[in-house]
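Morning, everyone. Please look at the screen, and keep the sequence beside the picture while I talk.

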Amino acid sequence: MLQLQFLSSPPVSAQTSKFNTISNPKLFPSFSSLKSLQNYAFKFNTLSLTSKPSKFSLKCGQSEYFDQKQRFNNSSSTSPPPSSAGSPPRYYVGHSIYKGKAALTVEPKAPEFVPLDSGAFKISREGFVLLQFAPAAGVRQYDWGRKQVFSLSVTEIGTLISLGTKESCEFFHDPFKGKSDEGKVRKVLKVEPLPDGSGHFFNLGVQNKLVNMDESIYIPITLAEFTVLKSAFSFILPYLLGWHAFANSTKPDEASRVNNANPRYGGDYEWSR
């Protein structure tokens, strides 16, 4: 990045360098005559030796290098833009499976926390995975207006993760359990192995006496598709429990201060006895 030009006497060309000072004295002027040549400068090049009059100059391209690097870093940044409210951006994800009879969409839902008087937060509701079943309305068309939903709890997710290729399970939900309309809406999700062992059937049956509706939607899930679901369920399970928030907020020094101040905190009381 540095270019250096300096003063010197005119160089000797490659052709004239064959002669010595005795046979060609005119090619090598005396020291007194060199003073008259101080206004000439040459630029050294390994390929050619040519005299070029110029002034002594020193050029540094370091600032240009950092300017280009800064512009490159700004243009290649992949960090998400901040939201208008100043809070971190939110992301919505999901996974869908489309078949001839129906479509299935899987979406994780985050847990909920409530603030405490101490300034900390406590989980008030665990997260879950929302299953949405939509019947087919034509070739590669689905009627999402008639979709039926089923929320998988963390325990039900654990059941699906541990399900074998020849095993089945069944979940029953009553959205109005403990309320005046208990028993009027019944949801049953059955997961049964396919006869050839290539996957499972997901069958959701919904009986709603409030609107006089009885519908059943089923979709075959291949072994590969079920493996993807299991992997996604295993990954998201600690986040549905809210353990990621605890891990992100806990530091070794802070944890030690809390434990020393309260010896009965967590499981430390058991180990300190």
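Start at K109. Its relative accessible area is 29%, so K109 is partly exposed. Here is the scale: buried is under 20% relative accessible area, exposed is over 50%, and partly exposed is in between, with a 1.4 Å probe and protein chains only.

Before I go on, a word on the source. This is a predicted model: local features need pLDDT of at least 70, side-chain atom pairs count only at pLDDT 80 or more, and totals for chains, interfaces and linings use all residues. Residues are numbered from 1 along each chain as its sequence is written, and side-chain values use heavy atoms, with hydrogens and water left out.

Back to K109. What does its side chain meet? It meets E107 in a salt bridge, at 3.4 Å from N to O. By salt bridge I mean a side-chain nitrogen of Lys or Arg within 4 Å of a carboxyl oxygen of Asp or Glu. E107 is partly exposed too, at 23%.

How many salt bridges does a search of the whole structure find? Four. Let me show you another two from that search.

One joins K99 and E225, at 3.1 Å from N to O. K99 sits in the loop between β4 (95–98) and β5, and E225 is in helix α4, so this pair ties together parts that are 126 residues apart in sequence. A note on these names: helices (H or I, at least four residues) and strands (E, at least two) are DSSP runs, numbered from the N terminus. E225 has 21% relative accessibility, so it counts as partly exposed.

The other joins R146 and E215, whose closest N and O atoms are 2.8 Å apart. R146 lies in the loop between β9 (141–142) and β10 (148–152), while E215 is in strand β14 (residues 213–222), so to speak a link between distant parts of the chain, 69 residues apart. Buried or exposed, which is E215? Buried, at 13% relative accessibility. R146 is partly exposed, at 42%.

Now strands. Two strands pair if DSSP finds at least two bridges between them. Take β14 again: ten bridges join β13 to β14, and the two run antiparallel. In that pairing, V206 has E215 in β14 as its bridge partner. The hairpin of β13 and β14 has four residues between the strands, and N212 there takes a positive phi near 55 degrees.

On to β12. Strand β12 (residues 185–193) is joined to β13 by nine bridges, again antiparallel. P193 has H200 in β13 as its bridge partner. These two strands form a hairpin with five residues between them, and G197 in the turn has a positive phi of about 75 degrees.

Next hairpin: β6 and β7. Strand β6 (residues 112–115) pairs with β7 in the antiparallel sense, over four bridges. V114 stands opposite K122 in β7. Five residues lie between the strands, and G119 in the turn has a positive phi of about 100 degrees.

Stay with β7, which covers residues 121–125 and contains F121. F121 is exposed, at 58%. With F113 and I123, F121 forms a nonpolar patch on the surface, about 280 Å² of accessible area together. Patches are made of residues with over 30% relative accessible area and no salt bridge; like charges are joined within 9 Å, and nonpolar side chains (Val, Leu, Ile, Met, Phe, Trp, Tyr) within 5 Å. The areas come from the Shrake-Rupley method with a 1.4 Å probe, and for residues only the protein chains shown count as cover.

Last topic: rings. A search of the whole structure finds four aromatic pairs. One of them is F202 with F226, edge-to-face, 5.8 Å centre to centre and 80 degrees between the planes. The rule: rings of Phe, Tyr and Trp (its six-membered ring) pair if their centres lie within 6.5 Å, and planes under 30 degrees apart are stacked, over 60 edge-to-face, the rest tilted. F202 is in strand β13 (residues 199–208) and F226 in helix α4 (residues 223–240), so the pair ties together parts 24 residues apart in sequence. Both F202 and F226 are buried.

F235 and Y239 make a tilted pair, 5.5 Å centre to centre, with 35 degrees between the planes. They are four residues apart in helix α4, so about one helical turn separates them. F235 is exposed at 55%, and Y239 is partly exposed at 35%. Thanks, that's my tour.
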